[in-house]
Amino acid sequence: QTTDFAKYWFQGKAEVNHYKLEQNRYGEMREGHAVLVFVTEDFLPKKQVKADNPDRTQTGAVPVMKLNHLRKFVTGIYDYANMTSVFTPLDAVKYPQTLKTTTSIQEWCGQIWLQANWRGKEYQVQGHSYFESEGDVLFPLPKATFEDELFSRIRLGQIKEGPVQLLIGGQDAGMLHQAWQAQPARLTIKSGKHHSTLLVQYDHLPRRLEIAYETA
């Protein structure tokens, strides 16, 4: 990693970003807040957990960028508490795939859990839900890119423009009760001196994502 990258990300601190949230739910825009927390840590590919032992030579740990993406908002009388965690290796050449994502959605009706673990050649996905149509599922998923990892890829300077097989954000998949399947999409960056935008356009879904960020 470059000196500037190391100086910023290897301080043992986390970058915390707080946003005003406007979330569409049940046909209305709901107000809330979103928090994105970025931090580097060591991750064990086989156990799929954070490494406690700091000695990578003993544990085989992989340095990753962890993103915790939280959204909280109220609909009527009850509230939603959503959280997605994404573990993306810093070295995209040796470890091109995000190693793990987890999403939980909690609201007064019940809970939804969605997790994907990279197992070397494909992802293993498990889902748990109180909805009968979703229930408990376990299935393989060919390698693809997650919408949720794009925020980390921006931080890491690893965004590649062009076509991509993309999975919609875990929180949106859960709230929309949409099956988690990779969809063809295209990534485009609109670069500006101070601010840039990553534009995500799906080929066959009525879905559009724009991520605005400071160019620096």
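A charge sits over a ring if NZ of Lys or CZ of Arg is within 6 Å of the ring centre and within 35 degrees of the ring normal.

**Figure 1. Charged side chains over aromatic rings in the predicted model**. Arg 155 lies over the face of Phe 38, 4.1 Å from the ring centre. The charged end of Arg 25 sits over the ring of Tyr 26, at 4.7 Å from its centre. The model is predicted, so that local features need pLDDT of at least 70 and side-chain atom pairs count only at pLDDT 80 or more, while totals for chains, interfaces and linings use all residues. Residues are numbered from 1 along each chain as its sequence is written, and side-chain values use heavy atoms, with hydrogens and water left out.

Figure 2. A pocket is an open set of points on a 1 Å grid over the protein atoms alone, where a 1.4 Å probe fits, with protein on both sides within 12 Å along at least five of seven lines; lining residues have an atom within 4 Å of a point. Of its 41 lining residues, Tyr 19, Leu 36, Phe 151, Glu 210 and Ile 211 are the closest to the centre. Strand E1 (15-25) gives the most to this lining, with 9 residues; helices (H or I, at least four residues) and strands (E, at least two) are DSSP runs, numbered from the N terminus. Elements that each supply at least two residues include helix H1 (3-9), strand E2 (28-44) and strand E14 (208-214). The lining divides into 18 nonpolar, 9 polar and 14 charged residues, where Ala, Val, Leu, Ile, Met, Phe, Trp, Tyr, Cys and Pro count as nonpolar, Asp, Glu, Lys and Arg as charged, and the others, Gly among them, as polar.

**Figure 3. The second largest pocket**. About 390 Å³ of space lies in this pocket. Among the 16 residues of its lining, Pro 96, Thr 145, Arg 153, Gln 158 and Lys 160 are the closest to the centre. Helix H3 and strand E11 (162-167) each supply at least two lining residues. The lining consists of 8 nonpolar, 4 polar and 4 charged residues.

**Figure 4. Aromatic pairs**. Rings of Phe, Tyr and Trp (its six-membered ring) pair if their centres lie within 6.5 Å; planes under 30 degrees apart count as stacked, over 60 as edge-to-face and the rest as tilted. The count comes to 11 aromatic pairs. Phe 5 and Phe 10 form an edge-to-face pair, 5.9 Å centre to centre with 80° between the planes. Phe 5 counts as buried at 11% relative accessibility, whereas Phe 10 is partly exposed at 44%; buried means under 20% relative accessible area, exposed over 50% and partly exposed in between (1.4 Å probe, protein chains only). Phe 73 and Tyr 80 are stacked, 4.8 Å centre to centre and 5° between the planes, and both residues are buried. Ring pairs also link Phe 5, Tyr 8, Trp 9 and Phe 10 into a cluster.

Figure 5. Most residues other than glycine have a negative phi.

Conventions: Grid points are joined across faces, edges and corners, and a volume is the space filled by probe spheres set on the points.
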